[in-house]
Amino acid sequence: MIIGMGDGEYILASDIPAVLPITRDILVVEDGEIATLTRSGVHIRRLNGQSVQREVQRIAWSADAAEKGGYPHFMLKEIYEQPEGVAATLRGRVNPETGQVQLPDLELSAEELRRLRRVVLVACGTSWHAALVGKYLLEEWTDLPCEVDIASEFRYRHLLVNDRTLIIPISQSGETADTLAALREARRRKARVISICNVVGSSVARESDAVLYTRAGIEIGVASTKAFTAQLAALYLLGIHMGLALERLSSTRARDLANHLLQVPEALCEILKRCEAVSALADRFAACRDFLYLGRGIHFPVALEGALKLKEISYIHAEGYPAGEMKHGPIALIDKSMPTLVLAPLGRTYEKVVSNIEEIKARQGIVIAVASDGDRELDEKADHVLHLPYLPEYVAPILETVPLQLLAYHIAIRRGCDVDQPRNLAKSVTVE
């Protein structure tokens, strides 16, 4: 619960967007507290009667952020806000000349990092997909073993977590019940907790040792879009920061990584200019009952995210799979009526993915390929190709995500679905 502090008025609400048209000053009411609102002010006390003194927080979001701003839906608006969301998350945190990443709020010294024996990322839904991408980055750039846990499963197994474990909860809202419970269990076991979150003053943020805030701005649409790409940007920053501190990344390598990362917002703008090609695909595939999404390596989590977006808002059954696992089951589903979207940018797994595409075509399957600009080989092998600006493979997940979001959006619109408020879903899952 939050309390909006207006001019001579006080507003109780369950989330920040509800009070933005009135005020950007808020008080957070924590678990086990009672707030009394009167004409003379707000009094917060604990259940034992002890009075609580808490500073008012000023939220940076504007009231305009809670409006559609001329877009037909919040989801589409938020898709188009992604270049700025990523740019804002990077702004002031990375030096393109040196590759140095400045994250002073983390308060994590090189000595503390060297004590770590492993990293565990915990999250739910779309944030879990971001965590899967983060695993690839953190392991490659830090040489630390990295695991990814679904937050709702984290507490229900034999946990090997101690004071030499870094736990990274990821949550857009900072109020996800399962992620919050995982964080508390990690703290109980003396693990260091650094969260990635989009909401200042949220429960996850308050209960972490430190927070790396994304700066995506308020996200209204239930199906997360700009929060996901901002989470990826934050994970890249954290990976570079840790890699340099642990001396696993050279200054030259870090500078290259930083410069490629800083090119992402412009590349996202270019992708959004090509939206007509995605809209045309939606016309072709809106009546489909099933979809398969394939990716290899760091692209596999994006396949999962693309499938999730489609089923969340269009109610089409969709599955994301590692492309190499296609022959271990999903290939049985392939026929002339089921489309397969394959993430196939240039990179270390490109030839393997091309082979998967050939296997699908040999069985009369329909292939939609997401490829790099300049790659003409896939024009001949796939039925439809969406070309993206080329950037090195480790930043490709941010770029690939946008056409998959747009495809889900346009298909859902053609099917008459409520894209901002899909059935049975809530923006923040605050109960287990």
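Trainee: What share of the contacts in the protein with a separation of 6 or more comes from residues 24 or more positions apart?
Mentor: Keeping in mind that this is a predicted model, residues 24 or more positions apart account for 71% of those contacts. The protein has 15 helices and 17 strands, and buried residues make up 56% of its 432 residues.

Trainee: How does the radius of gyration of the protein agree with that of a compact globule?
Mentor: A compact globule with 432 residues would have a radius of gyration near 22 Å, and the protein has 22 Å, which agrees. Along its principal axes, the C-alpha trace spans about 70 × 50 × 45 Å.

Trainee: How should I read the pattern of residues along a helix?
Mentor: An α-helix has 3.6 residues a turn, so residues three or four places apart point the same way. In α10, which runs over residues 264-273, the buried residues are Val264, Pro265, Ala267, Leu268, Ile271 and Leu272. Seen down the axis of α10, these buried residues fall within an arc of 160 degrees, so they line one face of the helix.

Trainee: Which exposed residues does the face of α10 turned away from its buried side carry, and which elements do its buried residues pack against?
Mentor: The face turned away carries Glu266 and Lys273, both exposed, whereas the buried residues of α10 pack against several elements, among them α1 (74-80), α9 (251-262), β17 (384-388) and α15 (396-414).

Methods. Residues are numbered from 1 along each chain as its sequence is written. This is a predicted model: local features need pLDDT of at least 70, side-chain atom pairs count only at pLDDT 80 or more; totals for chains, interfaces and linings use all residues. Side-chain values use heavy atoms; hydrogens and water are left out. Buried means under 20% relative accessible area, exposed over 50%, partly exposed in between (1.4 Å probe, protein chains only). Helices (H or I, at least four residues) and strands (E, at least two) are DSSP runs, numbered from the N terminus. The arc is that of the directions from the helix axis to the C-beta atoms. Contact means heavy atoms within 4.5 Å. The radius of gyration is taken over C-alpha atoms; the globule rule is 2.2 Å times the number of residues to the power 0.38.
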